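Subject: A two-chain model to look at

Hi there,

Here is the structure I promised to pass on. Please have it open while you read, and my notes follow below.

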Amino acid sequence: MSDLILLRYGELGLKGHNRSFFIKKLKENIRRILDGKGQLTSAHGRLFFHPDGNEREAVEKLQRVFGLVGISPAREVHLDMEEIAAAAENLISGMNMGTQTTFKVETRRSNKSFYLNSMEINRDLGAKLLKTFPHLKVDVHKPKLKVRVEIRSKAFVYIDDKPGPGGLPVGTGGRGILMLSGGIDSPVAGWMMLKRGIDVLPMHFSSHPYTNERSLEKVKELVKILQKWGLKRPLYNVNFTPIQEELIREAPGDYLTILMRRMMIRLANIQAKKSGEKSIITGESLGQVASQTIESLHSTGVLAESPILRPLIGLDKQEIINRAQEIGTYDISIQPFEDCCQVFVPTHPVTRPELTDIEKIEEKLDLDQKLLEAIENAEKI
Amino acid sequence: MEGIYLDAAATTPVKPEVAEAVKKMMTAEFGNPSSLHGLGVKAEKEVKKARTRVAKSIKARENQIIFASGGTEANNLALSGLNKPGGHSVTAQIEHPSVLEVFRELERQGQEVDYLGVDSCGYINLTELEKKLTLDTRLISIAMVNNEIGTIQKLEEIIKITREKAPQALIHTDAVQAWGRIPLDVQKLRVDALTLSAHKMGGPKGVGALFIRRPELLKPLLQGGGQEDGLRSGTENTPGIVGMGIAVTLLPPRGKMSSLEKVKESFYKELKKQLPKLKRVGPEEGEGVPHILNLSFPGFPAQVLVQALSEEGVFVSAGSACSTRKEEVSYVLKALGLQEKVLRGAVRFSFPEDFSDEGIQEASRRVINVFKRMEKVMGNV
């Protein structure tokens, strides 16, 4: 058990005037992801989290807070070398180590009034630890164990230094709509933009009975995972059925996919206006399927009234899968229930659609009212 | 809107008397039949009563009934337990996976297995059977009633041919869909083993039974405490077994099944009047089991139909309930050799024993509505 968890943040330290805004968001996100448990304090480029209860669980959750780069359970002691040494000894005894372990002490002294400087602290503490633990050996170049000391108004001692996920706090990058299917790609795209600080609105297009009821359950599960990574907003479930039925009825089958995607962008535009979203996020990866050729991307891109962010555009399928596994969405995504548009995928969809052809087909459709209604009636889950 | 359950071949609701008996065995009479004390003796007596009831329902002797965890286990027990290394076996392409997969495993172990084809109504070809049988044939397994299309095999002829051509062969039949729906009498029907499952006829899930004419021929699947005369080790599932015993006493009388047959036919006629494109899949009128009706709407994906019907509160299956999760045409339907269009549109309606004339009116109204809507949408698919 440690006394507290030392949190370090990276990039946002560099952001000048915005810094306090970033830290405010970061703190909000920590509180939300930790379900309001524990206490959060800050001082000089560090946050301190005092968990109440399960420290391991807290560390695990903190590792999903974007903006954090380091998470270290630490001991907090008075500015006293004896206490510092006792804390370090205690931490080392709690670790499971082999017979011979190399170590070094690393000190940061931001409180210059302490009577020893960093080098002196390293030497003094190192000597004490060597005496207590005969199996330790000093190695300043490649130690297996780093004993870190920070001298501030108090002293903090820690060994364990877990990496944070990096990125920027969710909510510092504006708002955006994530077009979330039940597949592998779109949750990863959402995760990547959450990581860059976007406050994501996940939007799913349901077309029951053309898709299975279970596919919505799958999307709900995916949203739960994204919530663990800082997603704040609920799932918007848009009933796409009336639009899809009109398309099935009126449009040539080989254009169906591209027309559906264009309708989805239009729906996103309507929602963006309504709730002030500044971007549309998709899981498209260039060339992965017929609807993801440059021509197809162009045909949806021209409709978007805000930038379309495609964080996966240059990734291979395997790279996306690896990421999905790391995030924890993969096992949900591969459950075999079709998301939007699988049942009616044409055998030979157009891969290089001409915009003029598409527009000609759309002239015959009268979907404006249905689009508005679909957004108006979207269910928030 | 009240739901209309037309998926009785998948499972049936537990009857109240059964539920009561199950609860009693779980709470008041929870004893282990192997225990020497009073509670154990009581439980043993209840199990014995259930065994007698199940045996009587098919005119078997008590020592010929082995309780197991359901149809799948009973099929596995029969086929693995009666099989001898080497030799030759015969089954049909349309058997349940719990039969087919056992034979595939036997094949991997070097046994020769023939999988008989069926005609467009689902009957196995008796001439083909005759050709395949040899003096080396050890085991044959043909289900009495197919679960997807309701074909009743001509088992008496199959037995006759087998006894002539392959006097060594043991004959197993999966009677899960037959029990309670058509007469079952193992004194007339000279099979060597027969599988029953409780939940298809108002009993609980997780319990079934194997009839075995000569128990001394059977090898057990499970090693353990020697319950069920050493043929099925493991503490008896007393609530399930007793529940199955009560379900037996509530099996519908013969007359009820012939009126269900009439109900089914008038349902079919009602639909056919409104939907002339409708195609019957499986046996002709009057030939199949009373509770199963498989209908195809050629060109309409069955899965969408099932989901659309579900929205209207009508619960049916596409293919068999076990194979809907795989995105392929059911192998049973494929074996019928019908057009792809017809196969993909096949929906199974299976009627609970108490389904009545009023039920038909409402059910057919809803079904017709759904199909008319689908026809409008997908007319050009």
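Let me begin with chain A: of its 381 residues, 43% count as buried, where buried means that 20 or more other C-beta atoms lie within 10 Å of a residue's own, exposed means 12 or fewer, partly exposed is in between, and the C-beta atoms are placed from the backbone. Before going on, please note that this is a predicted model: local features need pLDDT of at least 70, side-chain atom pairs count only at pLDDT 80 or more, and totals for chains, interfaces and linings use all residues. Residues are numbered from 1 along each chain as its sequence is written, while chains are lettered from A and ligands numbered from 1 in the order in which they are written.

**Chain A**

Chain A has 13 helices and 15 strands; these are DSSP runs numbered from the N terminus, with helices being H or I of at least four residues and strands E of at least two. Along the principal axes, its C-alpha atoms fill a box of roughly 85 × 40 × 35 Å. The chain is divided into domain 1 (1-78), domain 2 (80-153) and domain 3 (175-380), with bounds that come from an automatic or database domain assignment. Taken over C-alpha atoms, the centres of domain 2 and domain 3 of chain A are separated by 53 Å.

Among contacts in chain A with a separation of 6 or more, 81% join residues 24 or more positions apart; a contact means that two C-beta atoms, placed from the backbone, lie within 7 Å.

One backbone detail to find in chain A is the cis peptide bond from His208(A) to Pro209(A), with omega near 5°. Pro209(A) is in the loop between β11 (199-206) and α6 (213-228) of chain A.

**Chain B and its sheet**

Chain B is divided into domain 1 (4-12 + 252-378) and domain 2 (16-249). The C-alpha centres of these two domains of chain B lie 27 Å apart, and 27 residues of domain 1 of chain B are in contact with 26 residues of domain 2 of chain B. On the domain 1 side of that contact, α10(B) gives the most, with four residues. The residues of this side divide into 15 nonpolar, ten polar and two charged. Here Ala, Val, Leu, Ile, Met, Phe, Trp, Tyr, Cys and Pro count as nonpolar, Asp, Glu, Lys and Arg as charged, and the others, Gly among them, as polar.

Chain B also has an open sheet of seven strands, in the order β2-β8-β7-β6-β5-β3-β4, with mixed pairing; two strands pair if DSSP finds at least two bridges between them. Because β2 (65-68) and β4 (112-116) of chain B stand at the edges with a single partner strand each, one side of each is left without a neighbour in the sheet.

β2(B) and β8(B) pair in the antiparallel sense over four bridges, with Ile66(B) opposite Leu210(B) in β8(B). Strands β5 (residues 137-141) and β6 (residues 170-174) of chain B pair in the parallel sense over three bridges, and there Leu139(B) stands opposite Leu170(B).

Which way do the residues of β2(B) point? Ile65(B) and Phe67(B) point one way, Ile66(B) and Ala68(B) the other way, and all are buried.

**Cores**

The largest nonpolar core has 111 residues, and those that touch the most other members are Ala209(B), Leu210(B), Phe211(B), Met244(B), Leu305(B) and Val347(B). A nonpolar core is a set of buried Ala, Val, Leu, Ile, Met, Phe, Trp, Tyr and Cys residues joined through C-beta atoms within 7 Å. This core draws at least three residues from each of domain 1 and domain 2 of chain B. A second, separate core of 93 residues includes Ile121(A), Leu194(A), Leu231(A) and Met264(A).

**Two loop residues in chain B**

Lys59(B) has a positive phi of about 60° although it is not a glycine, and lies in the loop between α2 (38-57) and β2 of chain B. With 14 C-beta neighbours inside 10 Å, Lys59(B) counts as partly exposed. Asp229(B) also has a positive phi, near 55°, and is placed in the loop between β8 (208-212) and α7 (238-249) of chain B.

Happy exploring!
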